[in-house]
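Please read the report that follows alongside the sequence and the model. It takes up the relation between the copies, then their contact, and then some of the elements within a chain.

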Protein chains: 2
Amino acid sequence: MGIEIERRFLVLGDGWRAAVTRSRRLHQGYLAREEGVAVRLRVTDGGAVLTIKGPGHLARPEYEYAVPLAEAEEMLGTLCTGRRIFKTRHDVLHGGLVWEVDVFEGPLAGLVIAEVELDDVARVPDLPPWAGREVTADPRYSNAALASAAAPPRG
Amino acid sequence: MGIEIERRFLVLGDGWRAAVTRSRRLHQGYLAREEGVAVRLRVTDGGAVLTIKGPGHLARPEYEYAVPLAEAEEMLGTLCTGRRIFKTRHDVLHGGLVWEVDVFEGPLAGLVIAEVELDDVARVPDLPPWAGREVTADPRYSNAALASAAAPPRG
């Protein structure tokens, strides 16, 4: 098992764009969610991964398995309807860490969330100037919730 | 994608035991279930499989992926609590088909269900004398429901 330790922030403005080192489009969907467990399919850059996340906010158990791309795309189109997210993820280096800035599309257009993975729950990352309100523990902003929710507050 | 075509029956008596060709113990649990999609982990005979089943009763889309045994057992113990089934599965040959007779344990002890997989939804299997009421379309008897439900009627 891996433990994913992650903090998430709303993003203010476009100041992060100048520091982007890599961008890719993500299509992800949730096969099912129950009692804090989420089973997610994600397709990006020609590859597909099935991820099982356990309960938690700042730290969550996480298991990842590669799955055939064609099957993942089929499942996204048939089994994840109404529980999908399309977004572009930009890597931004700040304070020695890679921040992933997700620009959402479709019904969530206008929403931009930055995630930073940490190697220790006690580590306090240096916050970039474009990091707004922290939403790590706000269940409305989990990707699993965003996939099927009406658009949440952007500010 | 595979399509699983399966009919399920309650089992009457012990007449099937004389024709058992193979038996093995299954430990399975549900990571999550949502809108007819179920994500199941099953451990048997030293191997583990993650199965995604789509909506349906007689015919359901099904995707299967092998996962590492140690990770599957860890997930069953931590992420599937309250959504697990322990049973012994016996293969029984009848009418040219393999019938799988599942003898449930724990809170479901006393429940015995026979499943037969068909290659065509229109195929009518020869029913063995120990096949009781059909429960194919009865949502109370799906394994996903049995994993967390109070015991259903046995007759």
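This is a predicted model: local features need pLDDT of at least 70, side-chain atom pairs count only at pLDDT 80 or more; totals for chains, interfaces and linings use all residues.

The same surface serves both copies, since 100% of the contact residues of chain A recur in chain B.

The contact takes 19 residues from chain A and 19 residues from chain B. On the side of chain A that touches chain B, the elements giving two or more residues are β2 (20-34), β3 (37-44), β5 (59-66) and α1 (69-78) of chain A. By kind, the residues of this side divide into 13 nonpolar, two polar and four charged.

Which residues of helix α1 (residues 69-78) of chain B are buried? They include B:Ala72, B:Met75 and B:Leu76, and because these cover an arc of only 100° around the axis, they lie on the same side of α1(B). On the other side of α1(B), by contrast, B:Ala70 and B:Gly77 are exposed. The cover over the buried residues of α1(B) draws on both chains, and includes β4 (47-53) and β5 of chain A together with β2 (20-34), β3 (37-44), β4 (47-53) and β6 (84-94) of chain B.

Within chain A, strand β8 (residues 112-117) pairs with strand β1 (residues 2-11) and also with strand β7 (residues 97-104). The table sets out these pairings, with one pair of facing residues for each.

| Strands of chain A | Sense | Bridges | Facing residues |
|---|---|---|---|
| β1 (residues 2-11) and β8 (residues 112-117) | antiparallel | five | A:Arg8 and A:Glu115 |
| β7 (residues 97-104) and β8 (residues 112-117) | antiparallel | five | A:Asp102 and A:Ile113 |

A record also bears on this chain: the UniProt annotation "domain: CYTH", from an unreviewed entry, covers residues 2-148 of chain A. Over residues 2-148 the chain is 10% helix and 52% strand, and the C-alpha atoms at the ends are 26 Å apart.

Terms used. Residues are numbered from 1 along each chain as its sequence is written. Chains are lettered from A and ligands numbered from 1 in the order in which they are written. Two strands pair if DSSP finds at least two bridges between them. Helices (H or I, at least four residues) and strands (E, at least two) are DSSP runs, numbered from the N terminus. UniProt positions are given in the numbering used here, feature names are shortened, and annotations may be inferred rather than shown by experiment. Two residues are in contact if their C-beta atoms, placed from the backbone, lie within 7 Å. Ala, Val, Leu, Ile, Met, Phe, Trp, Tyr, Cys and Pro count as nonpolar, Asp, Glu, Lys and Arg as charged, and the others, Gly among them, as polar. A residue is buried if 20 or more other C-beta atoms lie within 10 Å of its own, exposed if 12 or fewer, and partly exposed in between; C-beta atoms are placed from the backbone. The arc is that of the directions from the helix axis to the C-beta atoms.
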